[in-house]
Amino acid sequence: MGVVVRRSRSTSRAPVVEIDRRALTRGALYGLAVIAPVSIGVEVLDAIDVLSRGPVVFIPAVAILGAFFLAGFTAAKAARGSPYTHGALAGLAAFTAWLTLRMATHLVLSERLLGKEGDTTLTVVLTVATVALLSMSGGILGGLLAARDGGGSS
């Protein structure tokens with residue numbers, strides 16, 4: 001049903017972590033279901049220059065963080081164990097799925113794959129790495145709530 005990560009008995013007695021791929025897929029899809037429309041909305045608002053006016057930019061950011069939280073919560077609820085691991089991986093999977101779709105869309109439209117005009121490669125890499133870490137953090141928080149709610153076991 002899932003991937004089992006095991007260590008040799010002679011080298012370590014670390015616990016076995018079973019990854020439930022169905023739970024991860026479910027969590028990632030829930031997160032993507034929020035991220036995709038928010039992302040489309042951001043593109044529309046950016047085209048009409050609404051996001052450059054003050055704190056409006058924080059609304060989509062909070063919605064995206066909420067999507068990572070939802071992905072982690074959903075995956076941790078669906079998994080039988082390891083809620084934090086499932087939460088982190090589901091948040092990261094939702095971000096990765098969104099990033100892949102965004103890059104594919106930009107490739108089809110013959111636009112720059114990532115970043116805006118004038119962004120350096122380092123800026124793009126740091127931005128992607130930061131959002132990846134935020135996606136895992138949001139997923140872990142979702143896993144925490146799911147574990148406290150009695151969904152996954154620690």
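Analyst: Helices are DSSP runs of H or I with at least four residues, while strands are E runs of at least two, and both are numbered from the N terminus. The model here is predicted, so local features need pLDDT of at least 70 and side-chain atom pairs 80 or more, while totals for chains, interfaces and linings use all residues. Residues are numbered from 1 along each chain as its sequence is written, and side-chain values use heavy atoms, with hydrogens and water left out.

User: Is T74 buried or exposed?

Analyst: Buried means under 20% relative accessible area, exposed means over 50%, and partly exposed lies in between (1.4 Å probe, protein chains only). T74 counts as buried because its relative accessibility is 10%. Other buried residues of α2 include P60, A67, F68, A71 and G72.

User: What is T74 in contact with?

Analyst: Contact means heavy atoms within 4.5 Å. Leaving aside neighbours within four places in sequence, T74 is in contact with R26, G27 and Y30. The buried residues of α2 pack against α1 (21–47), α3 (83–108) and α4 (121–148).

User: Which helix holds S135?

Analyst: S135 lies in helix α4. Its relative accessible area is 0%, so S135 is buried. Beyond its neighbours within four places in sequence, S135 is in contact with F68, G91, L92 and F95.

User: Which residues lie nearest the centre of the largest pocket?

Analyst: Rolling a probe the size of a water molecule over the atoms shows where empty space is left. On a 1 Å grid over the protein atoms alone, a pocket is an open set of points with protein on both sides within 12 Å along at least five of seven lines, whereas in a cavity a 1.4 Å probe fits but cannot get out; lining residues have an atom within 4 Å of a point. The largest pocket is lined by 29 residues, and V42, W98, R102, T127 and V131 lie nearest its centre. Helices α1, α2, α3 and α4 each supply at least two residues of that lining.

User: How many residues line the second largest pocket?

Analyst: The second largest pocket is lined by 16 residues, with S39, E43, R102, T105 and H106 nearest its centre. Here α1 and α3 each supply at least two residues of the lining.
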